[in-house]
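My notes follow in the order I checked things.

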Amino acid sequence: MAEMNAELESHRENIDKHNKQFYTMKKNKDTLQNERNELWRQENAMQQAISSTKEELSKAEQALRSITGKAVLNGIDSVNKVLQRFQGKEGFEDIYQGYHGVLIENFDCDRKFFTAVEVTAGNRLFYHIVDTDRIGTKILAEINKMKLSGEVTFMPLNRLEFRETSYPDSHDAVPMIKHLTFTQKFEPVMKHVFAKTLICRNMEVSTQFARTQNFDCITLGGDQVSRRGALTGGYYDTRKSRLELQKNKKEMAEQSEQLQTQFEEHKSKLNKIEGEINSLVSDMQKTETVNSKQKDVFDKMRAEIRLMKEQCQAIERSRQPKERSLTSLKSSWEAMKNTHASLQEEIGTDLLSQLGVEDQREVDKLNDEIRFLTQESKDAFSERMRLEAEKNKLEILLSQNLLRRKEELQADLQEISMDDRKQRLDTSHTELDTINKQTEKYTRRIQKLDEQLEGLTEEQKESQGKLEEKKAAEKEILDQINCDSKDLEKISSKQSLLLKKKEECMKKIRELGSLPSDAFDKYQDLSSKQLFKKLDEANKELKSYSHVNKKALDQFVNFSDQKEKLLKRKEELDRGYQSILELMNVLEQRKFEAIQLTFKQVSKYFSEIFKKIIPQGHGTLVMRTGDHDDADDAESEQHAVEQFTGVGIKVSFTGKTGETKEMQQLSGGQKSMVALTLIFAIQKCDPAPFYLFDEIDQALDGQHRKAVADLIREMSQGAQFITTTFRPELLESADKFYGVKFRNKVSHIECVLKEEARDFVEDDTTHA
């Protein structure tokens with residue numbers, strides 16, 4: 001029993017130790033979980049900030065793309081696709097590292113210079129910067145190979161040349177390049193674009209420096225004066241500045257990258273805490289598993305000890321009654337032995353004969369007492385048996401219920417150690433402190449809300465009082481308005497009557513006609529009575545002139561003035577009409593002369609060139625006219641230009657006049673000859689610098705192809721001719737030869753020698 005108690009105590013200590021470790025790990029886990037929750041909140045805030053920044057960056061990129069040309073945008077996208085294809089491939093690291101983006105991404109300046117810098121650079125802001133021309137060539141070749149669209153212009157750092165420029169020392173003009181911030185590596189590009197530009201105070205200063213210093217000058221508002229003399233300016237909307245949008249895009253990109261870096265660090269920290277929490281949870285689970293095993297063993301041993309104790313108690317309870325019964329039996333046995341001895345002595349003696357009367361009475365009395373005591377003994381035994389039964393019931397209740405409950409409580413007290421109780425007490429205190437803090441916080445908040453509610457209630461009462469006052473004032477104002485509206489109606493009716501009287505008076509005044517100049521001064525000092533008297537006298541006199549038109553004189557003067565103005569206007573229109581007719585006649589005559597002169601020149605050159613190409617033939621140009629009557633010569637000359645309806649061509653390839661043919665009568669080769677002759681004739685009349693002919697000799701025979709080749713050779717002194725051919729005659733007169741070859745479904749143009757070109761043509765002729 002003692003060994004089992006010692007082992008049980010050992011298990012209890014282990015359980016207490018594991019509980020202590022478990023609660024320590026639980027406390028650490030709760031701390032880490034609180035930190036993780038805080039990190040989760042920070043993570044959500046950072047994710048929202050990152051998404052917001054990315055959205056702003058997307059808006060900035062979209063705004064920049066919206067004001068940039070489509071071809072330039074496609075070119076930038078194409079270059080990015082090529083670089084993505086080169087990234088990570090062996091042998092292309094120099095291309096990927098040698099590309100530095102577009103110009104707008106590689107410098108910065110103050111916002112007040114944005115307009116000037118943007119106007120100066122123009123579309124060069126989107127030129128691509130590369131280290132060498134070889135890199136640009138490879139990128140272009142890859143773009144063509146991938147069949148990507150767009151416009152791309154490269155600025156190779158190894159090819160850009162610049163001269164050191166001396167700038168004027170003036171406070172009114174500063175070099176633009178000195179206000180730009182860029183990497184020293186890109187100095188050739190920046191000087192190539194901005195070195196010859198000055199930022200001036202105003203247009204007068206810009207004009208002076210452009211004329212005297214040979215610089216391009218520009219104001220902060222974007223008004224530009226070229227060193228060649230051109231002036232450019234106008235309003236520039238700074239809200240659509242490409243540099244402003246690029247700066248915003250760059251700031252948003254940096255902010256997004258910074259937030260992304262912080263987010264990654266935050267995430268790694270969160271993952272670390274997650275790992276620590278998982279490790280603690282795993283250790284807690286292991287500890288709990290070990291502890292549960294220890295508790296199982298502890299409970300099993302405690303149950304065994306309890307059973308042994310119960311058995312001991314049962315044995316102890318049964319031992320005492322048996323000892324008492326043994327003692328009682330021993331006493332009874334001794335009494336019975338004594339009784340047996342006395343009875344043996346009395347055997348054979350007559351009891352009544354030896355007793356006297358008194359003894360006999362005493363014996364009877366004792367017999368009665370014996371019977372009475374025997375009855376009492378029986379009653380006492382019955383009461384004893386009843387009490388024994390009640391005692392057994394109470395002992396069973398005590399042993400099976402109360403003592404067992406006592407042992408369970410003692411076992412529970414033994415199971416919960418002092419450290420465990422302290423740990424639970426600390427946890428309860430911590431939770432109580434947290435709840436008390438929250439209660440105080442909410443209590444203060446409720447107090448503030450109550451104070452705000454009281455303030456708002458007071459404000460509501462004040463507002464209610466003011467509202468009542470305003471309503472009362474409004475009622476008074478409405479009553480006043482009603483009274484005023486009634487007065488206004490009266491005044492309006494009175495005003496309408498007075499206006500009618502005024503109109504009648506004005507009508508009468510107009511009927512009077514023009515008044516003398518002294519009419520107003522003459523009657524100004526008279527009283528109303530005197531004026532009415534004068535009015536009555538004037539009315540009486542006017543009655544005698546009622547049949548006379550009082551406005552006749554004014555009407556006559558007005559009509560006379562209008563007549564003079566109309567006559568002058570008619571004379572001006574007649575002169576203008578004659579001038580216009582004369583100008584039209586002069587222009588018609590010049591047009592007629594120009595058409596005649598041009599036609600004669602082209603006709604002359606046509607005949608000459610046709611004779612050179614076809615020596616035995618001849619050709620002429622004919623001006624076609626409409627049908628007009630010859631009787632009216634003046635009208636024919638006046639409308640001579642309208643007579644021309646077109647140009648006709650008549651040619652003869654045999655030299656006989658009777659065999660002259662028109663275009664619709666010629667064969668395909670003859671039509672080609674006539675068309676070439678007309679083109680060359682027009683070229684001689686109005687030379688062009690460049691001609692491109694595509695297989696003009698296809699339908700010609702060898703003699704005519706030779707003649708055309710000689711003519712092109714002769715005329716190439718004043719113009720450039722490019723022809724495509726599969727015939728050898730044109731090769732004899734050419735200066736440069738290019739072969740077009742088709743390999744891998746792609747056409748390639750290469751410069752070849754004359755012999756190679758002749759072999760190529762001969763092979764093609766043979767295969768054909």
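Predicted model: local features only at pLDDT ≥ 70, side-chain atom pairs only at ≥ 80, totals over all residues.

**Entry 1, five-stranded sheet.** I looked up β7 and β8 under that rule. Strand β7 (residues 197-200) and strand β8 (residues 216-219) are joined by four bridges and run parallel. For one of the partners, I traced threonine 197 to aspartate 216 in β8. I then followed the whole sheet, which is open, has five strands in the order β5-β7-β8-β9-β10, and shows mixed pairing. At its edges I found β5 (173-175) and β10 (231-232), each pairing on one side only.

**Entry 3, three-stranded sheet.** This open sheet has the order β1-β3-β4, again with mixed pairing. β1 (99-102) and β4 (154-156) each have a single partner strand, so one side of each lacks a neighbour in the sheet. β1 and β3 run antiparallel and are joined by two bridges. Valine 102 stands opposite histidine 128 in β3. Helix α2 (residues 70-86) lies across β1, β3 and β4, at about 160 degrees to β1. Helix α5 (residues 133-146) lies across β1, β3 and β4, at about 155 degrees to β4.

How do α17 and α18 pack? For helix α17 (residues 668-685) and helix α18 (residues 702-715) I noted an angle of about 10 degrees and axes 12 Å apart. That angle makes α17 roughly parallel to α18, because angles under 35 degrees count as such. From α17 the contact takes Met673, Leu676, Phe680, Gln683 and Lys684. From α18 it takes His704, Val708, Leu711, Ile712 and Met715. By class I logged seven nonpolar, two polar and one charged residues.

The mean pLDDT of the protein is 81, with 92% of residues at 70 or more. Confidence is highest in strand β3 (residues 128-130), at 91, and lowest in helix α15 (residues 633-638), at a mean of 47. Residues 628-638 have pLDDT below 50, and I found four contacts for this stretch beyond near neighbours in sequence.

Notes
Residues numbered from 1 in each chain as written. Heavy atoms only, no water. Axes fitted to C-alpha atoms, helices over the stretch in contact; angles between N-to-C directions. Parallel < 35°, antiparallel > 145°, perpendicular 65-115°, else oblique. Contact = heavy atoms within 4.5 Å. Nonpolar A, V, L, I, M, F, W, Y, C, P; charged D, E, K, R; others polar. Pairing = 2+ DSSP bridges. pLDDT = per-residue confidence, 0-100.
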